[in-house]
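Subject: The two-chain model, with notes

Hi,

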Amino acid sequence: MTEQALVPDIAGVLGRIEEITPLIRHRAAGNETNRHLDEPTIEALRAAGVFRTGVPRRFGGLAATTREQIDVARAVARADGGAGWVTGLLNSGAYVVGWFPHEAQEEVFGSGPDTHVSIMLAPSSKASAVEGGGYRMSGEWRYNSGSWHSSWAILGAPLHDDAGRFEDNAIVLAPRQDLEYKDTWHVAGLKSTGSNSFVANDILVPEHRVLRVGPALRGDYPGVVGQGDDDTYRTAFIPELEAQLLGAHLGMGDAVLDLVRAAAPTKSIAYTTYRRQSDSIPFQLELARAALLLDAAELFAYRAADEIDDAARNGTYLDYAARARQRGQQAQVVSNVRSAVDALMTAHGSAGFAESSVLQRFWRDQATAARHGLTLPDTGLEVYGRWLATGEESNPVTPLV
Amino acid sequence: MVDSNLPPDIPSLLKSIDELRPLLERNAAQSETDRRVVQESIDALEAIGAFRVTQPAKYGGYQGNSRAQIDVGAAVGRADGGTAWVVALTNIANWLTSLYPERAQDDVWGDDPDAKVSVVLATNGKTTRVEGGYRVSGEWGYNSASWHSSWAILGAELVDEDGNFVDTAQLLIPRSELEFKDTWYVAGMRSSGSNTLYAKDVFVPDHRVMPGQPALLGSYPGTDDDTPSVYRAGWIPVLNIILVGPQLGIGRAVLDRVIAKADKGIAYTNFAHQSDSVAFQLDIAKAALLLDAADAFALRATDEIDRPAELGAYPDYLTRARNRAYVGWIVEHVSRAIEMLLTAHGSGSFAEVNPLQRLWRDQAVAARHAFVLPALGYELYGKALLGREDGDTVTPLV
């Protein structure tokens with residue numbers, strides 16, 4: 001496929017990720033046991049510039065395109081799924097800050113581009129307007145990936161006016177010190193992501209740290225208004241947020257395919273005469289099918305990313321049809337990787353499930369990541385399918401298109 | 001369900017297993033943590049005879065056929081995967097024990113009719129021929145139910161007095177003569193205790209040696225024309241098909257649990273209840289049909305094993321090759337159903353407190369048992385359908 005030229009900075013980051021891959025791979029088992037990335041892992045990623053990917057340029061960030069964000073998360077996830085997921089989500093958080101008013105961006109990145117922001121969109125809270133502007137917010141949010149390392153949190157919150165009437169959904173920025181932290185992440189996969197819970201008890205959220213979902217769904221962001229703003233941030237809201245989840249899947253798929261291929265010339269097939277898996281034609285067919293699923297996933301992911309990025313560059317907002325197709329396509333990326341990883345585990349055989357095998361960690365990590373609410377295949381199909389069938393530019397299942 | 005294919009008493013055993021389900025489910029998490037099914041579950045299953053499905057009636061066993069083994073494995077699997085694996089593997093090892101001469105069976109069950117046996121077919125044992133038997137040394141991984149068994153059946157290569165290879169064989173050895181190492185650290189089926197056994201120059205008398213070549217053709221040292229038909233069934237077909245019992249049960253357990261929780265909402269949508277989503281309804285239907293298809297194929301497969309045994313016939317190569325293909329096909333269907341159900345249920349499936357993620361890991365690991373891998377079964381069946389005779393170049397185990 002045609003590779004779009006990477007800006008030198010991103011190319012440099014990708015080169016450094018390759019250099020630290022052995023370190024990340026080496027620390028993955030310990031990070032899983034401790035249920036968060038340890039300091040050497042985070043420090044290596046930080047030193048490689050990984051977490052500057054989504055930060056606006058005027059704060060020293062790389063203001064990466066959607067394609068580049070996918071590339072970075074993918075490269076890290078080739079080393080470890082948990083580290084790749086944290087990379088994707090913290091870069092998503094940093095990028096989304098670029099949609100907030102400049103005052104909020106200054107608060108987060110004013111001291112430098114190495115501030116980490118977690119992101120959790122589900123509106124499991126309530127915020128009520130207060131006199132003089134802003135909102136008071138209470139709530140509890142699970143699944144804050146990378147929360148261990150973040151000093152700010154982006155959190156979903158339904159807004160209410162001072163009479164208690166619902167105004168709009170929003171995502172708000174809250175400093176970590178305003179939030180209580182609960183260690184709740186006990187899950188079968190992605191253990192090292194430390195996707196724990198934040199609790200807010202009646203905290204004040206000033207108006208400049210509020211991003212309303214209604215306008216955002218039309219491509220209207222308070223932080224992307226005119227001269228001096230990076231075009232990179234003129235992306236479509238839901239397509240962009242969803243695409244930021246894809247890189248980790250592609251990277252985990254790459255890693256599993258690489259590991260299974262690498263073992264094939266020396267691994268035998270139990271209870272058969274095959275001394276080498278690579279001699280078995282059924283094995284070759286399984287490998288081909290899995291690789292094609294991953295190829296298709298890659299094509300879909302980058303097609304979606306380029307469509308988002310091209311529109312951003314041209315200053316146009318993707319129309320409903322394109323956004324609906326994006327939801328279908330992006331969910332398909334995740335489904336494809338899931339099927340490929342499962343098939344590759346079967347081709348490799350039972351040894352891949354030994355706790356000492358890195359394969360079983362990739363398998364659990366990818367399977368858990370695949371059930372993120374934003375990439376569930378049914379919702380993608382419902383959104384795309386209803387538009388295909390009716391042409392209607394709304395959907396009773398979800399407004400998040 | 002009353003079914004004339006079942007031996008007497010198996011339906012009541014299945015009912016007793018259903019009644020134990022709450023207890024087995026309650027102990028599942030602890031069993032996984034301990035990497036050993038907790039004794040309370042083992043004792044309860046032993047009390048209802050769940051480990052004696054295949055034991056000859058003369059020792060008080062159910063003398064059950066392959067269908068009975070699958071139904072029992074599935075019934076336990078509906079509660080917990082690891083426990084089901086221990087039950088299924090013990091019952092198949094007991095079936096194998098019943099193929100040895102009566103003297104060997106008496107060695108195992110004469111004093112203790114509840115004695116359990118484990119089995120690993122891999123022919124890792126190296127032997128020397130001695131007066132009255134063989135001396136064997138070797139190491140065998142993956143002895144499921146190793147915590148609960150007092151005998152082991154282990155694969156070996158037999159040699160003559162000059163050390164020349166004669167045949168493969170399965171050796172029946174008391175656990176007291178074997179060394180044990182705790183090696184089972186795996187992502188799923190943790191409670192199956194599939195640990196490693198070692199033999200160091202252990203003497204095995206001839207009556208506890210079952211040669212491989214005759215067994216592949218349906219000739220077992222302990223059977224004759226008067227032997228109950230269940231002990232004249234095809235060797236590899238029975239060994240292979242019984243592995244799907246836990247699979248079928250785990251699939252049902254996942255379906256049960258996802259349906260039971262279908263009133264929860266769907267993240268990032270307006271659905272307050274999953275059950276209101278037509279897409280979710282389709283997922284449930286497809287998954288249930290996949291499991292129904294797996295059940296139907298398992299029935300057909302056991303029928304093709306148990307019926308010839310009753311008629312005193314040994315199934316031909318094509319039938320045996322097809323049986324190996326059935327197994328991979330069944331496992332593929334269960335895997336797809338579970339995958340689909342976990343996606344439909346959502347990320348909550350993966351919380352450590354949720355039994356769904358354990359059922360998922362257990363089934364996934366069981367699905368990669370070398371004997372059930374679909375590719376091999378399909379290759380054997382395809383070669384046989386094409387009338388080719390080169391299946392043995394891939395594996396003689398058909």
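In what order do the 7 strands of the open sheet in chain B lie? Going across, the order is β5-β6-β2-β1-β3-β4-β7, with mixed pairing. The two edge strands of chain B are β5 (179-181) and β7 (209-211), each of which pairs on one side only. From one strand to the next, the twist averages 25°.

Before you look further, please keep in mind that this is a predicted model. Its scores are ipTM 0.88 and pTM 0.92. For chain B the mean pLDDT is 95, and 98% of the residues reach 70 or more. One stretch to treat with care is residues 1-5 of chain B, where pLDDT stays under 50. The model has 2 contacts beyond four places in sequence for that stretch. Where pLDDT is low, the predicted coordinates should not be read in detail.

Back to the sheet in chain B. Strand β1 (residues 117-130) and strand β2 (residues 133-143) of chain B pair over 5 bridges in the antiparallel sense. Within that pair, Arg129(B) has Tyr134(B) of β2(B) as its bridge partner. Helix α4 (residues 81-97) of chain B packs on the sheet, where it touches β1, β3 (151-159) and β4 (165-174) of chain B. The direction of α4(B) makes about 40° with that of β1(B).

Chain B is divided into domain 1 (10-110), domain 2 (117-215) and domain 3 (235-393). The centres of domain 1 and domain 2 of chain B, taken over C-alpha atoms, are separated by 21 Å. Their contact takes 24 residues from domain 1 of chain B and 21 residues from domain 2 of chain B. On the domain 1 side, the elements that give two or more residues are α1 (10-34), α4 and α5 (102-109) of chain B. The largest share of that side, 12 residues, comes from α4(B). By class, the domain 1 side has 13 nonpolar, 7 polar and 4 charged residues.

Now to chain A, where the domain assignment gives domain 1 (8-114), domain 2 (117-212) and domain 3 (237-390). Here I looked at domain 2 and domain 3 of chain A, whose centres, taken over C-alpha atoms, are 30 Å apart. Their contact takes 5 residues from domain 2 of chain A and 6 residues from domain 3 of chain A. The domain 2 side of chain A has 4 nonpolar residues, 1 polar and no charged.

Strand β4(A) is mostly covered, with 7 of its 9 residues buried. Its pairings are as follows:

- Strand β1 (residues 117-120) of chain A runs parallel to β4(A), joined by 4 bridges; Val117(A) stands opposite Trp152(A).
- Strand β2 (residues 125-129) of chain A pairs with β4(A) in the parallel sense over 2 bridges; the partner of Ser128(A) in β4(A) is His160(A).
- Strand β5 (residues 166-175) of chain A runs antiparallel to β4(A), joined by 9 bridges; Leu155(A) has Val172(A) of β5(A) as its bridge partner.

The hairpin of β4(A) and β5(A) has 5 residues between the strands, and Gly164(A) takes a positive phi near 90° there.

From α4(A) the contact uses Gly81(A), Gly82(A) and Trp85(A), and from α11(A) it uses Arg361(A), Phe362(A), Asp365(A), Gln366(A) and Ala369(A). By class, this contact has 3 nonpolar, 3 polar and 2 charged residues.

Last, how many residues of chain A are in contact with chain B? There are 38 residues of chain A in contact with 38 residues of chain B. The elements of chain A that give two or more residues to its side are α9 (281-314), α10 (320-348), α11 (358-369) and α12 (377-390). The largest share, 5 residues, comes from α12(A). The chain A side divides into 17 nonpolar, 14 polar and 7 charged residues.

Best wishes

Notes. Residues numbered from 1 in each chain as written. Chains lettered and ligands numbered in written order. Predicted model: local features only at pLDDT ≥ 70, side-chain atom pairs only at ≥ 80, totals over all residues. Pairing = 2+ DSSP bridges. Axes fitted to C-alpha atoms, helices over the stretch in contact; angles between N-to-C directions. Contact = placed C-beta atoms within 7 Å. Nonpolar A, V, L, I, M, F, W, Y, C, P; charged D, E, K, R; others polar. Domains from an automatic or database assignment. pLDDT = per-residue confidence, 0-100. Buried ≥ 20, exposed ≤ 12 C-beta atoms within 10 Å, placed from the backbone.
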